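Hello,

Here is the structure I promised to pass on. Have a look at it first, and then read my notes below.

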Amino acid sequence: MERIFTLVVLLFFCYSFIGWLWETIYCSIKAKHFVYRGFLLGPITPIYGFGVVGVLYLIEPYQQNIILLFCLSLILVTLLEYLTSFLLEKIFHLTLWDYKEVPLNINGRVAVPVSIFWGLACVFIVRILNPYLMTVVEGWQQRFSIFLPLILLMLTSFDLGFTLANLSSLRRAMKTMSATIQEKKDQLQTNLDELKTAAEERYQSRRSWLAEIKEQPEWRKQLPKLNFQERRFLNSFPNMKSQEIKSPLTEIRQLSKELRKK
């Protein structure tokens, strides 16, 4: 039992790290700058660990049939991705990915082309990658026994607590920033409506909510400054959406960047 527990936990962390590495490289290339992906601060993305470990152990009896392996992996990983997206939205009011632009999507949470990719990736993992990785993990199990998994689980628990605390403060900060942005926009619109001459309208049209905040130090003092984890979370998910804020996240990122200036 101890051996199985150790192997499962180590495989979970290995594939969580591989998933984090894949997302970080892919998103960094796409964005043309380094993007530190992942929900947690540490270099792991647990959804990959849960997905691959589930495929390795839950559908083990069907892995010899490559068609069944592909189909069952596709279904399992798709259900996990949909459930994760649903829980993030219901618990944290956040949407971290959105497949609405991808054909054959379901509520933007999952999409057939993406699921096919994950199914093929699981076939590659089960048939090619995992046999090699198992030899490495078994070596760790013999060398470190149960202590390495316990240390990793303990560190991840601290990371999860830290991340959830920062996510809660980020939500409050985003709502404050959004309210400030909307207030400044409303003020500018009111001022614009009151202007009569064309010259005054041209001048006012060049104004922005950000310029108003820049020129009023008292507003800057009232707004929260995000810490590293909050900024990383805000910037690492370009498609992130929140049900609690009205302002686009691009504006909140812009305001966060301005607040960091002295």
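A word on the element names before anything else: helices (H or I, at least four residues) and strands (E, at least two) are DSSP runs, numbered from the N terminus. Please keep in mind that this is a predicted model, in which local features need pLDDT of at least 70 and side-chain atom pairs count only at pLDDT 80 or more, while totals for chains, interfaces and linings use all residues. Residues are numbered from 1 along each chain as its sequence is written, and side-chain values use heavy atoms, with hydrogens and water left out.

Let me start with two loop residues. S145 sits in the loop between α4 (112–144) and α5 (147–194), and its phi is near 55°, a positive value in a residue other than glycine. S145 is partly exposed, with a relative accessible area of 23%; the classes are buried under 20%, exposed over 50% and partly exposed in between, using a 1.4 Å probe and protein chains only. L104 belongs to the loop between β1 (94–95) and β2 (105–106). Its phi is also positive, near 60°, and L104 is not a glycine either. L104 counts as exposed because its relative accessible area is 61%.

Back in helix α4 you will find F117, which is partly exposed at 39% relative accessibility.

What about disulfides? The search of the whole structure gives zero, where a disulfide is a pair of cysteine sulfur atoms within 2.5 Å. As for individual cysteines, C122 is buried at 6% relative accessibility, whereas C71 is partly exposed at 35%.

Finally, the second largest pocket. A pocket is an open set of points on a 1 Å grid over the protein atoms alone, where a 1.4 Å probe fits, with protein on both sides within 12 Å along at least five of seven lines; lining residues have an atom within 4 Å of a point. This one holds about 370 Å³ of space, the volume being the space filled by probe spheres set on the points, which are joined across faces, edges and corners. Its lining has 16 residues, with R231, R232, N235, S236 and R260 nearest the centre. Both α9 (228–236) and α10 (249–259) supply at least two lining residues, and α9 gives the most, with six.

Best wishes
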